[in-house]
Each structure stands twice: as structure tokens, then as C-alpha cells.
Amino acid sequence: MTDHGTYTKLIGLLDERGARYRIYEHAEEGATEAVSALRGNPVEQAAKCLVVMVKLSKKTKRYVLAVVPGDRRVDLGAVKALLGGSYAGFATPEVAERLAGSVSGTILPFSFDEELALVVDPALLEQPEIFFNAARLDRSLALATADYVAIAEPRVEPVAG
């Protein structure tokens, strides 16, 4: 997945909506703490993005893109309770990458797939801007939080532990 289609789609959307953002080019890195150091941002301003699978019944499951501050963990119990599920666990890398349109470590805090519900922890939105890998290991964005909320239109729920 190196065609950068998801990156191009994101930049086009942000430009179209007049978002305030900065691009950072850096060494290839997908780990939140390490890439935050490369960018020079506090870890709590990083948007850690993980795809969670929630079983609603034996035959029904939903996928959630849980976005939490970089210094926190996704609370699987909270995500499960949010959807009224019987089980929650991290999606396989293959499923996560298919739904997110980018490789693990570069998943955006945006959902471009109707199968992937976007839920953001309110603690992340307390920051004036958020930082995240932009569907590429070698490129990140700093995005004004108000613009992120206006464009991504996330469901805001406490999902960080």
C-alpha cells in the first residue's frame, strides 16, 4: 500500500475545506512516541488511531476507529459498551489496513469507509492542534483541532483508558 492514495485524498479534503494544517516530513516511523519525538510534539497531542472490532451478536460485528491521545490506551471495554457489544478486540492488521486505507502506524483519525465508525476521546480534543501520521510512515500533519472536528465529524465519547 504505497500508492499514497489515502494521503492524497486527505490533503484534497483538508484543502477543499480550508483546514489549517502543517506537513512534517520525517524518517519512516509509525510508533506514536517515536514519531512524536521526530515531530517535536507532546505525545498527548498525537492522535493514536486503532481499529476495534465489536461483536454485537454471533453473526454481527462492527468496526470502530478509536482515536485517543498518544499517551493513553484504547479502553476496549468502553468501546464494547458504547455499541452494546458482547466482545471487543483489535481488528486484524489486514482488516484495519483495508478499512483505514493505509498501513498500521499510519492510520488517520478520519474514516473514509462507511463500515468504520469514528469515535474520538474528548481528552484529545482539548488540544489546540493534533498530530498524526498522514497515511504514510514518512509524513505527518499538525491539524487545528477545531478544523479536525468540523471536517471529520467524529462521535466524541470517553474511550481512552
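Visitor: By class, which residues make up the lining of the largest pocket?

Guide: The lining has 13 nonpolar, six polar and two charged residues. Here Ala, Val, Leu, Ile, Met, Phe, Trp, Tyr, Cys and Pro count as nonpolar, Asp, Glu, Lys and Arg as charged, and the others, Gly among them, as polar. This is a predicted model, in which local features need pLDDT of at least 70 and side-chain atom pairs count only at pLDDT 80 or more, while totals for chains, interfaces and linings use all residues. Residues are numbered from 1 along each chain as its sequence is written, and side-chain values use heavy atoms, leaving out hydrogens and water.

Visitor: What volume does the largest pocket have, and which residues are closest to its centre?

Guide: A pocket is an open set of points on a 1 Å grid over the protein atoms alone, where a 1.4 Å probe fits, with protein on both sides within 12 Å along at least five of seven lines; lining residues have an atom within 4 Å of a point. The volume is the space filled by probe spheres set on the points, which are joined across faces, edges and corners. Here the volume is about 300 Å³. Of the 21 lining residues, C49, L50, S104, G105 and I107 are closest to the centre.

Visitor: Which element supplies the largest share of that lining?

Guide: Helices (H or I, at least four residues) and strands (E, at least two) are DSSP runs, numbered from the N terminus. Strand β2 gives the largest share, five residues. At least two residues each come from α2 (32-39), β2, α4 (93-100) and β6 (129-136).

Visitor: In what order do the five strands of the open sheet stand?

Guide: Strands of a sheet pair through backbone hydrogen bonds, either parallel or antiparallel. Two strands pair if DSSP finds at least two bridges between them. The order here is β4-β2-β3-β5-β8, with mixed pairing. At the edges, β4 (87-90) and β8 (155-156) each pair on one side only. Four bridges link β2 (residues 47-55) and β4 in the antiparallel sense, and K55 stands opposite Y87 in β4.

Visitor: What is the order of the open sheet of three strands?

Guide: That sheet runs β1-β7-β6, with antiparallel pairing. Its edge strands are β1 (21-25) and β6. Six bridges join β6 to β7 (residues 139-144), with I130 opposite L143 in β7.
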